Number of protein chains: 2
Amino acid sequence: MTQLELAKEGAVSPQMGQVAQHEGLAVEVIRQGVALGRIVIPANINHRGLVPCGIGQGLKTKVNANIGTSPDFGDIDTELGKLKVAVGAGADTVMDLSTGGDIAAIRRAIIAESTLPVGTVPIYQASIEALANHGAIVKMTDDDLFGTIEEHARDGVDFITVHCGVTRQAIDRLRIQKRVADVVSRGGAFLMGWMLHNESENPLYEQYDRLLEIARQYDVTLSLGDGMRPGSLADATDRAQIEELITLGELVQRAYQAGVQVIVEGPGHLPINQIEANVQLQKSLCNEAPFYVLGPLVTDVAAGYDHITGAIGGAIAAAAGTDFLCYVTPAEHLSLPDSEDVRQGVIASRIAAHAGDIAKGIKGAGEWDRKMSLARKNFNWAEQARLSLDPERFSRVHEKHTTGGQACSMCGEFCAMEIAEKYLSIPVTKCP
Amino acid sequence: MTQLELAKEGAVSPQMGQVAQHEGLAVEVIRQGVALGRIVIPANINHRGLVPCGIGQGLKTKVNANIGTSPDFGDIDTELGKLKVAVGAGADTVMDLSTGGDIAAIRRAIIAESTLPVGTVPIYQASIEALANHGAIVKMTDDDLFGTIEEHARDGVDFITVHCGVTRQAIDRLRIQKRVADVVSRGGAFLMGWMLHNESENPLYEQYDRLLEIARQYDVTLSLGDGMRPGSLADATDRAQIEELITLGELVQRAYQAGVQVIVEGPGHLPINQIEANVQLQKSLCNEAPFYVLGPLVTDVAAGYDHITGAIGGAIAAAAGTDFLCYVTPAEHLSLPDSEDVRQGVIASRIAAHAGDIAKGIKGAGEWDRKMSLARKNFNWAEQARLSLDPERFSRVHEKHTTGGQACSMCGEFCAMEIAEKYLSIPVTKCP
């Protein structure tokens with residue numbers, strides 16, 4: 001039985017218990033959230049050594065790090081290195097997006113190594129194998145696709161991105177829309193190409209029950225991909241995007257009824273003033289299933305710094321109710337990320353997630369900041385480092401210039417907090 | 001006559017013309033904005049070589065970079081180096097916050113070198129000279145303070161931070177409040193210490209007309225400092241902060257009546273869900289004078305990455321109507337920033353400002369992103385680099401891994417945009 005089926009029946013799984021403990025919440029809160037489809041616990045029955053992680057309403061906002069090879073770069077060791085960096089920087093999940101080398105071997109190595117939930121996008125491997133075996137991606141058969149999905153499920157993948165909402169109708173609406181950047185989702189583009197070439201409906205949509213059956217068998221969480229996500233601010237919140245989202249909402253309902261855990265992916269590139277509306281739309285159209293956003297990036301012009309544009313969008317999205325942030329690295333739009341890009345991406349997204357958690361009132365979020373501020377007020381540098389998001393970097397920057405005094409080198413002897421403390425100790429004459 | 005006096009009389013100054021040209025707006029829009037006190041053009045009559053910059057309603061959000069020595073680090077050459085870096089990275093203004101070395105000489109060198117408006121905080125120099133001349137900051141006389149302010153004005157400083165709202169009443173309210181971090185503003189702490197020790201009212205408040213007279217004579221824009229700004233999320237939007245803001249609103253009105261240009265400074269540390277309310281409060285209480293925020297930082301725990309926490313807060317603040325962002329560097333809370341910190345700080349704030357401008361609908365803001373997206377869609381890498389916020393970094397990251405193909409190394413031959421373009425060219429059978 002899946003976590004959802006158990007929760008619906010009122011049963012508490014060990015995974016729910018572990019999530020409750022990690023979140024500092026009662027296990028019944030977790031069970032109820034899972035039973036309502038507002039919390040998922042991606043936990044493939046075949047992923048040995050997994051430390052379960054809850055994603056959804058009332059829980060800490062989670063951060064995913066994408067790793068994996070491209071056709072031209074990366075290998076098992078490099079990707080395992082990135083996994084280690086992602087875990088060290090505090091990612092909550094990883095996705096292996098490999099499209100080069102021995103994709104199956106890389107995936108299996110990552111699953112074996114990772115205590116974090118692992119996600120994949122099976123259409124990548126299915127498409128690339130179709131190219132190798134049949135000479136073209138568009139020659140992929142339904143069985144190729146579902147066979148690959150089953151292979152990922154059997155291997156222990158905890159959640160898979162499936163672009164089930166890239167329907168004929170969505171593509172028609174995309175064409176009427178006349179976008180600046182058309183389709184920027186790789187999986188979405190593979191499927192759209194296949195559909196247009198073969199004049200067929202999307203098999204992941206048409207044979208959704210087949211997908212649900214596989215997902216249910218291994219308790220793979222479906223992450224309904226947004227193949228129509230805007231890849232440019234000019235395309236944000238357009239008809240093609242919302243057409244797909246409505247379909248995803250219907251598929252959320254069917255997954256829920258089938259006992260399959262499900263989350264929904266979202267944009268992409270969005271101006272700041274459209275982020276909250278996007279979160280509300282997703283929650284409203286998709287039965288409040290957990291929302292997983294890619295960024296969102298709040299400007300198109302900052303390539304080289306898209307971990308920052310993504311952190312801005314992610315923080316606003318999280319504050320508005322988004323549950324799960326896919327990181328963006330400084331290499332986005334430019335290059336396959338290396339380990340340092342992975343680290344920077346995870347940290348930036350963790351800042352966004354935590355800032356969102358404070359705004360959402362997640363348990364314990366504000367308390368962390370209060371402790372840090374007290375340590376700062378008390379000039380307790382060791383405690384500040386310990387409490388900081390990245391203690392190593394904290395200490396490195398702090399030690400760059402040191403003066404020997406208790407204050408930092410920004411103000412030295414003219415530290416506001418030192419002066420304030422001294423003079424505020426003068427006895428009060430007027431206050432009650 | 002000041003820019004404000006001219007604008008009120010219906011006169012258009014050369015500075016208004018230059019601002020109009022830079023913003024792509026009609027000069028009458030600028031004149032009206034200045035006349036209403038909603039736009040300022042900090043332009044000291046003694047700052048030779050200044051390229052005027054407008055700050056306020058309907059204009060691009062501007063970014064300030066703080067440079068200057070601390071008691072222990074920095075010298076003229078280092079600070080001139082930081083000025084160059086700030087200008088190169090695209091700062092709109094700089095503030096010289098020097099508190100070490102020959103403060104007057106450093107300021108004069110920066111003004112002579114800078115075509116950007118230059119701001120200072122005269123209380124720093126006044127306090128430090130009081131320490132040197134009288135043995136204690138609290139022995140500073142009113143004439144010391146106003147003499148230093150006049151010196152800065154005569155030297156050509158375009159805007160000065162003056163913490164006029166740190167009143168006895170504000171300090172009383174601070175004490176009743178019982179904050180986590182008390183006072184984190186250096187100027188605010190100097191003044192508060194002086195006031196408590198001498199059992200006196202703030203001379204910048206009590207003798208505000210004297211301040212207005214100096215400002216009017218040189219057309220120095222007053223930046224009303226927020227000495228009571230929260231330095232911890234736990235202290236955000238508290239009674240001490242808002243008490244000071246009400247006073248600043250009254251002082252805005254008096255400055256406006258006296259023909260003195262004025263802006264208002266704001267926090268500081270704020271959770272995401274309080275930023276918009278803070279912007280609305282400032283606009284409402286301060287006659288819609290331009291708002292200048294320091295960050296705001298949306299979490300206390302990310303020291304080492306506060307350029308990112310500041311960019312998150314700054315973007316949200318800008319989108320909500322903030323006009324002017326003071327950058328935060330990765331060294332904040334830890335160390336005096338070096339040149340690379342300055343560069344990172346300016347870039348992060350520019351991302352925030354631009355993302356805010358898109359949301360605010362500032363003229364031309366969205367068009368920049370559209371052009372970038374079109375260049376991306378067309379795989380025109382040279383044009384993308386040209387349009388990017390930091391062309392040098394764009395090219396460096398792009399070239400880290402290259403494949404020779406037109407797509408980047410993230411997806412290589414499996415580029416979504418290439419695939420989409422190919423298959424969307426299949427003739428439409430169903431759409432209109």
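Helix 14 and helix 15 of chain A are roughly parallel to each other, because their angle is about 25° and angles under 35 degrees count as roughly parallel. In this predicted model, local features need pLDDT of at least 70 and side-chain atom pairs count only at pLDDT 80 or more, while totals for chains, interfaces and linings use all residues. Residues are numbered from 1 along each chain, chains are lettered from A in the order in which they are written, and side-chain values use heavy atoms, without hydrogens and water.

The axes, lines fitted to C-alpha atoms over the stretch in contact, lie 7 Å apart. Here is who touches whom, with contact meaning heavy atoms within 4.5 Å:

| Helix of chain A | Residues | Contact residues |
|---|---|---|
| Helix 14 | 306-319 | His307(A), Ala311(A), Gly314(A), Ala315(A), Ala318(A), Ala319(A) |
| Helix 15 | 339-360 | Gln344(A), Gly345(A), Ala348(A), Ala352(A), Gly356(A), Ala359(A), Lys360(A) |

By class, this contact of helix 14 with helix 15 has seven nonpolar, five polar and one charged residues; Gly counts as polar here.

Now for the two chains. Chain A can be laid on chain B with an RMSD of 0.0 Å by a turn of 180° and a shift of 0.0 Å along the axis, using C-alpha atoms of residues with pLDDT of at least 70 in both. That is the relation of a two-fold axis. Ile312(A) comes closest to the rotation axis among the residues of chain A, at 2.3 Å (C-alpha). The copies meet through the same surface, because 100% of the interface residues of chain A are also interface residues in chain B.

Finally, the domain assignment divides chain A into domain 1 (45-360) and domain 2 (365-424). Their C-alpha centres lie 39 Å apart, and eight residues of domain 1 are in contact with seven residues of domain 2.

Key: Axes fitted to C-alpha atoms, helices over the stretch in contact; angles between N-to-C directions. Helix = DSSP H or I, 4+ residues; strand = E, 2+ residues; numbered from the N terminus. Parallel < 35°, antiparallel > 145°, perpendicular 65-115°, else oblique. Domains from an automatic or database assignment.
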